[in-house]
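These are my notebook entries on one protein chain. I set down what I looked up and how each term was defined.

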Amino acid sequence: MTGQGDRRPEHVRQFVVNALVTQAMIARAPGLVPLFTGLRYRLETESDPDVPKRPLTTIAFSGLPSFRPADDLILAATSFSGVPAFVEVIDSDALSRFDDPLKTRMQELLC
């Protein structure tokens, strides 16, 4: 929201609609939070200081940390793909340390 990228009205509108629908769904269906938690996703609702009256809910995979790569890599990737968007990158080193409680429990039951 604070980046210097191209802000097309249709993209901003879609972002706002998605954010409002996410908020409404979580408010009206409290069972979604445990469902997402069971699927190993973390839901967090925070208010941005720039937009204090509009909380923003993010849904993130809770098992593996991700990070935003350096700007030059993002610029290279977006210019190569032709799409002015970039998604976070999973920390591959964290994959070896990934602890999956369901997998661990299943291994305990089977062994």
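**Entry 1: the hairpin.** I began with strands β1 and β2, which form a hairpin with two residues between them. The model is a predicted one, in which local features need pLDDT of at least 70, side-chain atom pairs count only at pLDDT 80 or more, and totals for chains, interfaces and linings use all residues. Residues are numbered from 1 along each chain as its sequence is written, and side-chain values use heavy atoms, with hydrogens and water left out. Strand β1 covers residues 41-48 and runs antiparallel to β2, with eight bridges joining the two. I noted the rule that two strands pair if DSSP finds at least two bridges between them. Strands (E, at least two residues) and helices (H or I, at least four) are DSSP runs, numbered from the N terminus. Opposite Tyr41 I found Phe61, which belongs to β2.

**Entry 2: Thr57.** I next looked up Thr57, which lies in strand β2, residues 51-61. Is Thr57 buried or exposed? Thr57 counts as buried because its relative accessibility is 11%. The cut-offs are under 20% relative accessible area for buried and over 50% for exposed, with partly exposed in between (1.4 Å probe, protein chains only). Which side chain makes a polar contact with the side chain of Thr57? It is the side chain of Thr45, at 2.8 Å. A polar contact is a pair of N or O atoms within 3.5 Å; within protein, one must be able to donate a hydrogen and the other to accept it, and residues adjacent in sequence count only if both atoms are side-chain atoms. I then listed the contacts of Thr57, leaving aside neighbours within four places in sequence: Thr22, Gln23, Ile26, Glu44 and Thr45. Contact here means heavy atoms within 4.5 Å.

**Entry 3: aromatic rings.** I searched for ring pairs. Rings of Phe, Tyr and Trp (its six-membered ring) pair if their centres lie within 6.5 Å; planes under 30 degrees apart count as stacked, over 60 as edge-to-face and the rest as tilted. By this rule I counted one aromatic pair. Phe36 and Tyr41 form it, edge-to-face, with 6.3 Å from centre to centre and 85 degrees between the planes. Phe36 counts as partly exposed because its relative accessible area is 24%. Tyr41 is likewise partly exposed, at 35%.

**Entry 4: Arg40.** Where does Arg40 lie? I located Arg40 in the loop between α2 (32-38) and β1. Most residues other than glycine have a negative phi. Arg40 is not a glycine, yet has a positive phi of about 70 degrees.

**Entry 5: salt bridges.** How many salt bridges does the structure hold? I recorded three, a salt bridge being a side-chain nitrogen of Lys or Arg within 4 Å of a carboxyl oxygen of Asp or Glu.

- Arg42 is bridged to Glu44, with 2.9 Å between the closest N and O atoms. Arg42 is partly exposed at 37%, and Glu44 is partly exposed at 32%.
- Arg68 and Asp71 meet through their side chains at 2.9 Å, N to O. Arg68 counts as exposed because its relative accessibility is 60%, whereas Asp71 is partly exposed at 45%.
- Arg105 is bridged to Glu108, with the closest N and O atoms 3.5 Å apart. Both residues lie in helix α5 (residues 101-110), three residues apart, about one turn of the helix. Arg105 is partly exposed at 46%.

Entry 6: I found Ala19 in helix α1, residues 9-28, where Ala19 counts as buried at 15% relative accessibility. Its C-alpha atom is 8.7 Å from that of Pro55, which is 36 residues away along the chain. Ala94 belongs to helix α4, residues 92-95, and is buried at 6%. Not counting residues up to four places away in sequence, Ala94 touches Leu64 and Pro65. From Ala94 to Arg7 I noted 34 Å, C-alpha to C-alpha, and 87 residues in sequence.

**Entry 7: the whole chain.** The chain has five helices and four strands, in the order α-α-β-β-β-α-β-α-α from the N terminus. Of its 111 residues, 8% are buried. The C-alpha trace spans about 55 × 40 × 25 Å along its principal axes.
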